[in-house]
Amino acid sequence: MVQVLDPLLIVALALNFVALGVSRIRGVINAVALQGILLGILPLFVHPDIGLRGILLVVVAIGLKGFAIPAFLVHAMREANIQHEVKPVVNYMSSLLLGAVGTGLAMVFSSTLPLAEEHTGLLIVPASLSTVWTGFLMLTTRQKAIMQVLGYLLLENGIFVFGLLLLEAMPFLVEIGVLLDLFTGVFVMGIIIHHISREFASISTEHLTELKE
Amino acid sequence: MSELFVLLGIVLAATSGIPGLLMGRSCMTGQWVTTLLAVLGAGVGLAGVGIFWTGAASQPIVLPWPIPGAEFSVALDGLSAIFLLPIFLVSLLGSIYGLAYWKQTEHQENGRKLRLFYGTLTAGMAMLVIARNSILFLFGWEIMALSAFFLVTTEDDKQDVREAGWIYLVATHMATLCLFALFGLLRAANGSFALTPLAEGSLTSGTATAVFVLSLVAFGFKAGIMPLHVWLPGAHSMAPSHVSAILSGVILKMGIYGLARITSLMPSLPLEWGEIVLILGVISGVLGVAFAVGQHDLKRLLAYHSIENIGIIVMGLGLAMIGRSLGRPAWIVLGLGGSLLHVWNHALFKSLLFLSAGSVIHGTHTREIDHLGGLAKRMPWTALGFLVGAVAICGLPPLNGFVSEFLIYLGLFETLGIGKEPSFAGAAFAAPALALIGALAVACFVKVYGAVFLGTARSDHARHAHESPRAMLGPIAVLVACCLLIGLAPLLVTPIIGKGVSAWAAGLKDASPQLSNLAPFEWITFMGLVLIGALLATSALLWLRLHTSVVQKGSTWGCGYVAPTPRMQYTSSAFAQMLVGLFSWALRPHVHAPKGMPMFPQKTDFHSEVPDPVLDEVVMPVFRFGGSLFSWFRVFQQGSIQAYLFYIFIALIGLLLWR
Amino acid sequence: MDAAIHNTIHVLVALTLSPLLLGVIAKTKAFFAGRIGPPLLQPYYDLVKLLRKGSVFSTTTTWVFRAGPVVALVTAAIAVLLIPLVSARAPISFTGDVILLAYLLGLGRFFTASAALDTGSSFEGMGAAREVTFACLAEPAFFLGLLVLAKLSGSLQLAGMLGGSLGVYWSTAGASLALVLLSWFVVLLAENSRIPFDDPNTHLELTMIHEVMVLDHSGPAFGLILYGAALKLFVFGALIVRLALPVSTGFSWLDWPIFIGGMLALAVAIGVVESTMARLRLTHIPVLLVAACLLSAFGIILLVR
């Protein structure tokens, strides 16, 4: 079980770096979608006998994170007519290196946490912390609103992974909460993007500073 | 016996310049006599070192000295002998080089001064290396520092030279100050000024840390470890080339010698010290070569490469220190062995590069890389010497740079915990850093060699270049031979390096056989010969094929453009642009570029340079601030006698009241 | 005796198979483009043709220009002798031979770039500048991967690192080895000037790296360069195939075909990558190489955690 878990988490971590380093928005959407699918099937490996309710949840999570939300974002992208991120606040090389530093620190930090017996050797906590860090990095350093939404998605993915630890204690409570949160958030963001695009004829968020007066 | 020879060599070298002072300034006789004496002195010194290595035991010489606490105590051991060889060899070759490069008849004002201080420099360095008493060490150190100052400011009629000299002087005296404090602490721990190993527990942990920090600062200044390197680029580029060779190839190693000697005296080394030294080595190595990539002054570039190689040497030393803290003999042998061998190798190929650069400057009268080009056709022997030096400094087989870097790599890989040995894996990450340093060095030297010697001449300087006389090419050839020798036959130097390692790590008696076991030098020799043989065979086959087929000459393909000019070639700054961009967070290049193009293009220019950010943005502002603070005290310096008498009166009253 | 036969087969396979890899890549790309493409043996025909042609040398060049192809070929050929192809045996093997491998390729790079600068043309200068810059970022990625292999196998010889027990390591430390494999694949693409780093087919001076460095070579010297490039591809490819397929059945008549099959599959994979991706913008290439370094770095961090 552990043998499959670690490689999947490694792929999820690698997808973090893909999201940080790629400038094509479509590429980042694909990476986040793939990460969502991967994380969606993880509960099947952590808790072998989860029952029908569990399987239903896995299907909903994959459907939402891997297909519905990315399709929605692609639609928003077409509507706003953009393909690439403009120069981010921190350039790609630096964001890649910052992501790497964050992942390293997450690994060091997680080895100091008082985890339960069966969770200490796994990569779940480091993967979750570094995905949260990556999402936060994207949220704060990218200028296009869609990229910020993707950063928010990565953040939620990270929390989702952390919730896997609590699977036996509170089955799927965290997961359901995260999914609802995600759905609402993306819905609201979609509306906002539509309005920004209509108002300013672009979805670069630097224009939003004009609203301060 | 060997000590006597070395002392005789020191005396000869020190006095070699004096006859030249007495003879006239417009004839060459003085120079010939001085060179003869210098060569004789260096030869005698080398003979002494050779005697030591053929198995003679060390016979310390102790003479009384009227200075309190000091005694004239000298001895040769494995560590000292290793550092003596570059001192005498480079000095010998430099003196011969100077016969043609700095002819008395062409440099009447400063030629005799240069040769005088060249001799005293050699003497001072040899003295400090064999000294076994702190006061004697400081004596040799100061002679070395001051001689180097006078050598750097040989052409003191030029403003740049004077500035570089001042910065050097400040740096070296800060080092000396730290050394005073250091030896004071050691005396408190040891009870005397003798440089002997300290007993267990004679140093409290606070004192030990102070000793470590002081020696790191003092010897770091002298060796040019970042960020204490600020004096290096200026001093090495403004000095005459054979002086730069000894500055870069030998004086920097005196800092390494000091670090090695002090750490060998310590009873035990905490792990953090080795880690700090390793990290400093990695930083100096990577940033040193990154800075070198951005330079366009030939000698400044070579100076930054010295910082890189000192970084590599310090990495090896750090690894050995970690090995001693954790009790791993393999790491000590490989780390310190690689470090000491790199001391030799760097002395050899850096002197080779500086002497070749001097030959270029002699032939073209300019140091600016972007004004040169195509020199390989007009100065073929210099080009060949520089190529060998470039391949050696990049650490490429079959030359000597590869052998020492090979040892350090093996040592770093060992820290992963090969076999059942426990690991200290953090050190292993220095191995990819060393690979990065090597690749950057290749980039830099392809740039230099290509821009200076290949392509077509970019200016009149280069178009009218002439090859150098034999007195200059001779030392270059000797150094080429040495590089090849160590690269192809490293087994010859294994016993010597082993003796040096045993001298450093007191508990390690059988370093040489361990070194032979851990490092497969026979294979390196074999592969080196295979490489050279295959190259010669393939070249012969190609030559045969070309001779039996049609060969035409034409001009370089320029995509159909029929009037190419030399200015269309890639310049050195263009070559380095991408790398400088990648490292711009550290290099902070100054770029003067045209801002936007007007409708009708006009004449404009582009200029970029990479100054030293530590010097310009840290050291200078600090010193300026200090200067403005101290200017408040100027109010006391009235210049009137009455005021000064008044100060004396106040001081007297103060003394009377105090008692 | 057995060793002599093994070494002979090793050398023969290396020397004859390498141009075939180029042919397979070209055929794969043609397949994706809906063409028939050049015959599989085209590189061999090219080599023979070039050896029979005359040469044109520029008057600007010196002996360094003629030495460049020679050094590139010889260093790649000696590097081939250091790699274990099957059954964890290489003709030449000693402690630390992997460092010699990396630095031999560095020597080849030094002389190829110098030969490019020897022509005094800005095109070659451009290519040489890019080549040495990207090599700076590819070398650390390679060495980080070597750290992983050294830690797992406990050996500093290539034959030991890529030895028989690699199969066992895949099951215990599969994640690290997968990261190293991916990172080394990126390094292969970078060092051999394949898409996404360089397009070997455009011959547009502004977009090439390797092709533009050898723009001025002609005749037999150019043939040496072509063959040297094929051998270099073989070297990197063999490392990856050994890492991915560490099978050692013990029957050499089975091992060699498996290895050759693996090499051809790798060539097809390179062809697929070249057909499905576009060349990266020049400013994005360092980002990809740093990502490869980070992958390897995480491979070793996972092991020493």
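Reply: Start with one term. A residue is buried if 20 or more other C-beta atoms lie within 10 Å of its own. By that rule, 62% of the 305 residues of chain C count as buried. Keep in mind that this is a predicted model.

Me: What makes helix 8 of chain C mostly covered?

Reply: Apply the cut-off of 20 or more other C-beta atoms within 10 Å. In helix 8 of chain C, 14 of the 18 residues are buried.

Me: How do you know that the span of helix 8 of chain C agrees with its number of residues?

Reply: Helix 8 of chain C covers residues 174-191. At 1.5 Å a residue, its 18 residues should span 26 Å. Its end C-alpha atoms are 25 Å apart, so the two values agree. Just after this helix, S193(C) takes a positive phi of about 55 degrees.

Me: How do you know whether chain C agrees with the radius of gyration of a compact globule?

Reply: The rule is 2.2 Å times the number of residues to the power 0.38. For 305 residues that gives a radius near 19 Å, and chain C has 19 Å, so it agrees. Along its principal axes, the C-alpha trace spans about 55 × 45 × 45 Å.

Me: Which elements does chain C hold?

Reply: Chain C has twelve helices and one strand.

Me: Why is strand 1 of chain C said to pair with strand 3 of chain B?

Reply: Two strands pair if there are at least two bridges between them. Here four bridges join strand 3 (residues 551-554) of chain B to strand 1 of chain C, so they pair. The strands run parallel. In one of the bridges, Q552(B) is the partner of V56(C).

Me: What makes residues of chain C and chain B count as in contact?

Reply: Their C-beta atoms must lie within 7 Å. On that test, 61 residues of chain C are in contact with 64 residues of chain B. Helix 5 of chain C gives the most to its side, with 17 residues. By class, that side has 36 nonpolar, 18 polar and seven charged residues.

Me: How many residues form the contact between chain C and chain A?

Reply: Twelve come from chain C and twelve from chain A. On the chain C side, helix 12 gives the largest share, seven residues. That side divides into ten nonpolar, one polar and one charged.

Technical notes: Residues are numbered from 1 along each chain as its sequence is written. Chains are lettered from A and ligands numbered from 1 in the order in which they are written. This is a predicted model: local features need pLDDT of at least 70, side-chain atom pairs count only at pLDDT 80 or more; totals for chains, interfaces and linings use all residues. Two residues are in contact if their C-beta atoms, placed from the backbone, lie within 7 Å. Helices (H or I, at least four residues) and strands (E, at least two) are DSSP runs, numbered from the N terminus. Ala, Val, Leu, Ile, Met, Phe, Trp, Tyr, Cys and Pro count as nonpolar, Asp, Glu, Lys and Arg as charged, and the others, Gly among them, as polar. The expected span of a helix is 1.5 Å times one less than its number of residues. A residue is buried if 20 or more other C-beta atoms lie within 10 Å of its own, exposed if 12 or fewer, and partly exposed in between; C-beta atoms are placed from the backbone.
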